[in-house]
Amino acid sequence: MNKDIFSPFKIKQFSLKNRIGVAPMTRMSSAEDGIPRKDVLDFLVTRAKNGTSIVYTEAIVTDYESAQGYPGQARMLTQRQIDTWKPVTETIREQGSISICQIFHCGRMAWKDVNPAKRVIAPSPVKPAQDNPLTGTAYETPDTMSQFDIDHVINGFVQTAKGAIAAGFDGVEIHCAHGYLVSQFLSSYSNKRQDQYGGSMENRFRFAGEIIEAVKKVIPEEKLLIARISNWGIADMQVSLFENSAEWQKMVELFDASSIDAISVSTYDYSQKAFGTDKNMAALTREKTQLPIMICGKIYNRMTAMDALKDADIVLSGKSML
Ligand SMILES: Cc1cc2nc3c(=O)[nH]c(=O)nc-3n(C[C@H](O)[C@H](O)[C@H](O)COP(=O)(O)O)c2cc1C
């Protein structure tokens, strides 16, 4: 029998009142202080008041050197930034909903001009084939990340996760999807490294695993730690980031064995059969993990949500929430 979208769900110690969440959505509303505009914050609170059980932030940039890809992105590193989010997380909690802070680094998708350190870094010096739609020009060829860069970037995730906890979030999501930095490491399309961070799926997962375990250490045990994954990236959208279902499922096994509490699977369309199989992305993911699965992509009404819940536990909705 299909799970009902309005049935409760327990994720760790959190009792969700239904299976519906607001997907993470970048809004580019911040001034130079890295603080989103009030109406953008109000939107999140309003969705909790309307009954969604999970509310995601936009992707929060993890450092001041090289993480940012779009103008007006938010950070969670200064006391003012943290204090801004406190009433948001409190009000969401008062509605009986939970708040998750998504954190990310753009990697080769970064835009020099909006990064204070004007650097673009990635696992390998491979730029996206398409132009940057925001500038109408080619993306930069990124610098290959050194071990120093890797450690520095991981520290950015750690500090930002600490900020999210100080701001009162119920959980932190590491954005490992959409062709941003962690996704760039996971996919052999953008990861050409020959060291311990490249080559086999285990090696390409290493960076994600190190971030997860480093963040796990600094967030209280009861908080949620989630990873978002996808087979598509924002640039070169037509490219399948993983070669086949076996590669995808190997990656899922590695995430499953890490310290995360749930996996969020992002698709264009949840119902699409994946990698030439007769299963969708959520079903392929479910075969390799018993962790709670969130699914997103063209879920916009009761019928699509109920259908998507056949293979997942929670549905996230993006554009229709906007
Ligand atoms: C305006 C906008 C901003 C987005 N920003 C993010 C983001 O910051 N992080 C993320 O993981 N996904 C982001 N997404 C993708 C959504 O979370 C979601 O996966 C996508 O919109 C597909 O779901 P939908 O069909 O319900 O819109 C964004 C989508 C939109 C429309």
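Q: What makes two residues count as being in contact?
A: Two residues are in contact if their C-beta atoms, placed from the backbone, lie within 7 Å. Leaving aside neighbours within four places in sequence, Val-315 is in contact with Ile-5, Arg-19, Ile-20, Ile-295, Ile-299, Ala-305, Ala-308 and Leu-309.

Q: What kind of model is this, and how are residues numbered?
A: This is a predicted model, in which local features need pLDDT of at least 70 and side-chain atom pairs count only at pLDDT 80 or more, while totals for chains, interfaces and linings use all residues. Residues are numbered from 1 along each chain as its sequence is written.

Q: Why is Thr-78 called partly exposed?
A: A residue is buried if 20 or more other C-beta atoms lie within 10 Å of its own, exposed if 12 or fewer, and partly exposed in between. Thr-78 has 14 such atoms within 10 Å, and is therefore partly exposed. Thr-78 lies in the loop between strand E4 (54-61) and helix H2 (79-94); helices (H or I, at least four residues) and strands (E, at least two) are DSSP runs, numbered from the N terminus.

Q: What makes Phe-275 partly exposed?
A: Phe-275 has 17 C-beta neighbours inside 10 Å, and therefore counts as partly exposed. Phe-275 is found in the loop between E12 and H7, and its phi is near 50°.

Q: Which residues of H6 are buried, and why are they said to be on the same side?
A: In H6, Trp-248, Met-251, Val-252 and Phe-255 are buried. They cover an arc (that of the directions from the helix axis to the C-beta atoms) of only 105° around the axis, which puts them on the same side of H6. An α-helix has 3.6 residues a turn, so residues three or four places apart point the same way.
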